[in-house]
Amino acid sequence: MGWREMRMSSFLLLILGLLVHGTAAFGEIRSRNRQQQKELASRHRYAYATMMYMGTPRDYEFYVATRVMIRSLSRLQVDADLVVIASLDVPLRWVQALEQEDGAKVVRVENLNNPYKGQPNFDRRFKLTLNKLYAWSLVDYERVVMLDADNLFLQKTDELFQCGQFCAVFINPCIFHTGLFVLEPSKVVFNDMIHQLEVGKDNPDGADQGFIGGYFPDLLDKPMFNPPSNGTKLSGQYRLPLGYQMEATYYYLRLRWNVPCGPNSVITFPGAPWLKPWYWWSWPVLPLGLQWHEQRRQNLGYGAELPMVIIQAIVYLGIIAVTRLARPSISKLCYRRNDKNISFIQVGLKLLAIWSILAAYVVPFFVIPCTIHPILGWGLYLLGSFALSSVTINAFMLPTLQVLTPWVGISGVLLVMACPWYASGIIRALAIFGYAFCCAPFVWLSLVKVMACLQASVEREVFFPKLG
């Protein structure tokens with residue numbers, strides 16, 4: 001082959017390579033454009049957002065509550081993205097669970113410095129709630145519904161995205177609640193809020209509630225939100241009807257909802273943190289707790305807590321079996337007649353017996369996983385208190401019925417509280433009070449009987465018999 005033929009062959013190979021590479025590059029560009037168009041088509045203009053941060057003893061409980069709320073919104077097929085504003089110290093495994101299992105979009109942020117933490121009335125559990133201001137930085141969305149994790153959705157509320165630049169619910173006559181509000185994201189508003197924090201704007205409670213309430217002071221004079229039937233978005237500020245954030249207190253008075261203004265869409269649980277609906281003792285103490293746990297059962301399940309529940313149940317059953325078969329007691333221990341501290345030993349023995357009875361009813365309460373289903377939680381509590389009470393009964397040779405009287409009383413009060421036939425919350429409260437009033441004499445007589453038996457055993461030297 002001549003030089004010309006070799007040059008021609010190389011030139012043809014180069015042209016062929018360029019064509020192949022160009023075709024591949026063009027296909028890659030088309031695929032990338034198709035993917036971008038698909039992402040743009042699937043991107044929502046609106047978002048339901050909540051926040052998550054660390055630094056409280058109840059971080060895990062709020063993580064579970066956030067996941068339940070995210071999944072309940074997804075189950076309602078809302079036409080919006082689900083966004084979690086998470087601080088940088090939120091564990092990575094939690095972030096991955098929110099993104100991969102729950103379908104949420106997690107936005108990582110730095111904790112905003114709270115300049116009000118030195119105020120005399122400041123509650124430390126609200127130190128990082130100002131992270132809620134990051135909702136105004138979500139400028140990829142036209143409207144955002146900002147939520148607290150203690151909201152329970154009864155139905156879809158996508159009409160809220162038609163509201164104006166800021167809308168919130170007044171759950172008391174003077175102050176709107178920041179557990180749910182609608183906003184239009186804006187970098188200008190967000191930067192101004194950060195500036196207001198830096199200059200120390202007045203904040204009565206040092207939390208997001210006081211700051212946002214002071215930033216929008218005229219909301220009470222604004223008109224009530226009524227979503228337009230043609231789907232257009234309103235402009236300005238509006239008050240949301242109470243039905244968009246019904247406080248649980250209204251339900252407990254009547255044991256049914258009686259909120260006439262607006263759709264009964266969202267329940268909120270403000271107040272003491274130990275009364276949140278995700279704790280297993282929330283039902284039947286607070287009737288709405290079971291409704292929250294029903295949403296968790298349908299959306300998230302209890303796989304994370306079940307191993308611990310099974311282990312505790314096996315341990316308690318083992319304790320019951322040992323006490324029934326081995327019947328351990330301390331009656332075989334003894335002391336010498338010349339011991340001068342016998343009275344001290346007898347007093348200590350009685351105190352130990354009393355504390356053992358108290359521990360049998362207190363310890364199981366604190367070792368049960370907090371966010372388990374109430375029926376499992378109360379069942380495990382009754383099993384644990386029965387098992388530990390049986391140890392005390394056999395160890396100190398106490399009367400069985402008297403020691404288990406509180407156990408029977410607790411079981412009864414649970415049945416009284418869970419009764420579904422009360423006409424109102426007042427009748428329910430009176431029934432519980434009446435039950436407690438009737439049970440109090442039996443509990444007192446049981447305590448007297450236990451103390452008498454214990455004193456008689458000590459005086460007869462059933463425990464620690466003297467050595468010759």
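Tyr 381 is buried, at a relative accessible area of 5%, where buried means under 20% relative accessible area, exposed means over 50%, and partly exposed lies in between, as computed with a 1.4 Å probe on protein chains only. The model is predicted, and for this reader it matters that local features need pLDDT of at least 70, that side-chain atom pairs count only at pLDDT 80 or more, and that totals for chains, interfaces and linings use all residues. Residues are numbered from 1 along each chain as its sequence is written, and side-chain values use heavy atoms, with hydrogens and water left out.

**Aromatic rings**

A pair of aromatic rings is described by the distance of the centres and the angle of the planes. Rings of Phe, Tyr and Trp (for Trp, its six-membered ring) pair if their centres lie within 6.5 Å, and planes under 30 degrees apart count as stacked, over 60 as edge-to-face and the rest as tilted. By this rule the model holds 32 aromatic pairs, and two of them are set out here.

| Pair | Centre to centre | Angle between planes | Class |
|---|---|---|---|
| Phe 211 and Tyr 215 | 6.2 Å | 25° | stacked |
| Phe 365 and Tyr 381 | 6.3 Å | 85° | edge-to-face |

Phe 211 and Tyr 215 are both found in helix α5 (residues 208–215), 4 residues apart, which is about one turn of the helix; helices are DSSP runs of H or I with at least four residues, strands are runs of E with at least two, and both are numbered from the N terminus. Both Phe 211 and Tyr 215 are buried.

Phe 365 is partly exposed, with a relative accessible area of 26%. Phe 365 and Tyr 381 also belong to one aromatic cluster, whose members include Phe 62, Trp 274 and Trp 378. Over the ring of Trp 274 sits the charged end of Arg 58, 5.8 Å from the ring centre, where the rule asks that NZ of Lys or CZ of Arg be within 6 Å of the ring centre and within 35 degrees of the ring normal.

**A buried threonine**

Thr 50 belongs to strand β1 (residues 46–52), and at 2% relative accessibility Thr 50 counts as buried. Beyond its neighbours within four places in sequence, Thr 50 is in contact (heavy atoms within 4.5 Å) with residues including Thr 66, Val 84 and Asp 148.
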